[in-house]
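Open the model in your viewer and keep the selection tool at hand. The tour below goes from one selection to the next and says what is there.

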Amino acid sequence: RTQYLPAAMYGVPHAPPRKPPSRPTTRSPVQSRAPAPPPPAPSRGGWQKGGGEFACEALVIDYLLAYALNEEKLFMTTMDESARQLLGSLQRNGEKFLGDIRLSRYQPKAVAGAFKKYLDGKDPLLGFQNYMKLQQIHDCGNDPQAYANIIQTLSTNQKGILEYLFHLFTRLVETNNMTASLVAHVFGPILLRPRHPTKDMMAMMIQSKMQKKVIEVLITNSTLIFSQNNSNTDFMHDSKSGPPPALPPRVSPGRSAVSPPPPAPP
């Protein structure tokens, strides 16, 4: 190749540096993408529903209430790849994971599918110890007050998260998303199951019908059953509609009903 010596050796001054040609400042308009929906803000008292023990469950319910009620048959879904990824993250990190991400990155049905599997992998919220008691109530006619008495024996955290979960179920029914029977079909074996499952096919069929019916009764009578949880009634009743209805006074044999005392002034 031919090599050229610097111009200064021939007494020629340096040429001024060339400036790159200016480009037009106007750019073609670019369609901006719609901003991602903000993360669902926890509902009033949402962080207290179940306390730290069930903070992960409460946050997922917050999301489903805010964004998923318009999904047809929300919980009638299979696990896809994104749901499996979300499930793994929930199982490893729980609410710490939810604090670092936004559930809106996932499709509502993926969140619903992961939530089902997440609950199914833990102890049933109604408790192993209550399985036989709830079965006896079912066999004796499904008295809602008897179910309410069992709920009151649970821990404060269990009562809180159950009330919030059944509030979600009630909203699904009210919005015609799913029927109470369909919700009970999905969540019966998740919320109510024995510690040692049977392997007898006939017994499994009878058990499945019982689980479904118990959960369906809890959904259709959720206002009565959970109104006794006095510290957490704002999810079951709108504050504008006044206080929740009081339960009828119990009447002992041979005694007349006694009206409860009036509430103390605020």
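Start with helix α5 (residues 131-139) and helix α6 (residues 144-151), whose axes come within 10 Å and cross at roughly 170 degrees. That angle makes α5 roughly antiparallel to α6, because angles over 145 degrees count as roughly antiparallel. This is a predicted model.

Now show the side chains where these two helices touch. On the α5 side, select Lys133, Leu134, Ile137 and His138; they meet Ala146, Tyr147 and Ile150 in α6. By type, the residues of this contact between α5 and α6 divide into 5 nonpolar, 1 polar and 1 charged.

Next, select α2 (81-93) and helix α4 (residues 108-120). How far apart are the axes of α2 and α4, and at what angle do the helices pack? The axes are 8 Å apart, and the angle is about 45 degrees. That makes α2 oblique to α4. The crossing of α2 and α4 is right-handed.

Show the side chains here too. Ser82, Ala83, Leu86, Leu87, Leu90 and Gln91 in α2 meet Ala110, Val111, Ala114, Lys117 and Tyr118 in α4. The residues of the α2 contact with α4 divide into 8 nonpolar, 2 polar and 1 charged.

A search of the whole structure finds 5 aromatic pairs. Select Phe75 and Phe187 to see one that is edge-to-face, with 4.8 Å from centre to centre and 85 degrees between the planes. This pair links distant parts of the chain: Phe75 is in the loop between α1 (55-67) and α2 (81-93), while Phe187 is in helix α8 (residues 180-191), 112 residues apart.

Then select Phe166 and Phe169, another edge-to-face pair, with 5.2 Å between centres and 75 degrees between planes. Both residues are in helix α7 (residues 156-174); because they are 3 residues apart there, about one helical turn separates them. Phe166 is buried, with a relative accessible area of 0%. Phe169 is buried as well, with a relative accessible area of 0%.

Together, Phe75, Phe166, Phe169, Phe187 and Phe226 form one aromatic cluster.

Conventions
Residues are numbered from 1 along each chain as its sequence is written. This is a predicted model: local features need pLDDT of at least 70, side-chain atom pairs count only at pLDDT 80 or more; totals for chains, interfaces and linings use all residues. Side-chain values use heavy atoms; hydrogens and water are left out. Rings of Phe, Tyr and Trp (its six-membered ring) pair if their centres lie within 6.5 Å; planes under 30 degrees apart count as stacked, over 60 as edge-to-face and the rest as tilted. Helices (H or I, at least four residues) and strands (E, at least two) are DSSP runs, numbered from the N terminus. Buried means under 20% relative accessible area, exposed over 50%, partly exposed in between (1.4 Å probe, protein chains only). Axes are lines fitted to C-alpha atoms, for helices over the stretch in contact, and angles run from 0 to 180 degrees between N-to-C directions. Angles under 35 degrees count as roughly parallel, over 145 as roughly antiparallel, 65 to 115 as roughly perpendicular and the rest as oblique. Contact means heavy atoms within 4.5 Å. Ala, Val, Leu, Ile, Met, Phe, Trp, Tyr, Cys and Pro count as nonpolar, Asp, Glu, Lys and Arg as charged, and the others, Gly among them, as polar. A crossing is left-handed if the near helix is turned anticlockwise from the far one by less than a right angle, and right-handed if clockwise.
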